[in-house]
Amino acid sequence: MTAQAAGSARVFQSGRDQFVADRDLHIYLHNGVRVTRRTVSAADVDCPYPGLTAFESEQAKWFFGRDRLTNELVIRVGERLDTHGVQAVIAPSGAGKSSLLRAGLIPAV
């Protein structure tokens, strides 16, 4: 899906969601079907795909597919509590470390 705007219109896009500000439209996919609805503003829509922004604890319900990694981290943090050690989370930039901690670990504990 390609977003285009003309004149003074602006398009805000995050994941597969699109917002056409001057027309007050929110365009998104629901069960594989394109849906267009009127909205107050792009900031008022609860979008499950934060793009390159890290997931927060409040978005844990959308942070799925990483259960094994989250469970492993919970176990390792529990072990560190017993041994009084430090648990580091190391990965390349953009791999999802902050999302794992905020939307995975924090809600799990």
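Student: In what order do the elements of the protein chain run from the N terminus on?

Tutor: In this predicted model, the elements run β-β-β-β-α-α from the N terminus on, and the protein chain thus holds 4 strands and 2 helices.

Student: What makes the span of helix α1 close to the one expected?

Tutor: Helix α1 covers residues 67-83, which is 17 residues, and reaches 24 Å from its first C-alpha to its last; the expected span is 1.5 Å times one less than the number of residues, which for α1 comes to 24 Å, so the two values are close. Just after α1, His84 takes a positive phi of about 60°.

Student: Why are Phe55, Phe63, Leu73, Leu100, Ala103 and Leu105 called a nonpolar core?

Tutor: A nonpolar core requires buried residues of kinds that include Ala, Leu and Phe, joined through side-chain atoms within 4.5 Å, and buried means under 20% relative accessible area. These 6 residues make up the largest such core, to which helix α2 (residues 97-108) gives the most, with 3 residues.

Student: Which residues does Ala103 touch, not counting residues up to four places away in sequence?

Tutor: Ala103 touches Phe55 and Phe63, and also Glu56, Ser57 and Ala60, where contact means heavy atoms within 4.5 Å.

Student: How many nonpolar, polar and charged residues does the lining of the largest pocket have?

Tutor: The lining has 13 nonpolar, 7 polar and 4 charged residues, and α1 and α2 each supply at least two residues of this lining. About 510 Å³ of space lies in the largest pocket, and the lining residues closest to its centre are Ala95, Gly96, Lys97, Ser98 and Leu100.

Technical notes
Residues numbered from 1 in each chain as written. Predicted model: local features only at pLDDT ≥ 70, side-chain atom pairs only at ≥ 80, totals over all residues. Heavy atoms only, no water. Buried < 20%, exposed > 50% of the residue type's maximum accessible area, 1.4 Å probe, protein only. 1 Å grid on protein atoms, 1.4 Å probe; cavity = no way out; pocket = protein on both sides within 12 Å on 5 of 7 lines; lining within 4 Å. Points joined across faces, edges and corners; volume = space filled by probe spheres on them. Nonpolar A, V, L, I, M, F, W, Y, C, P; charged D, E, K, R; others polar.
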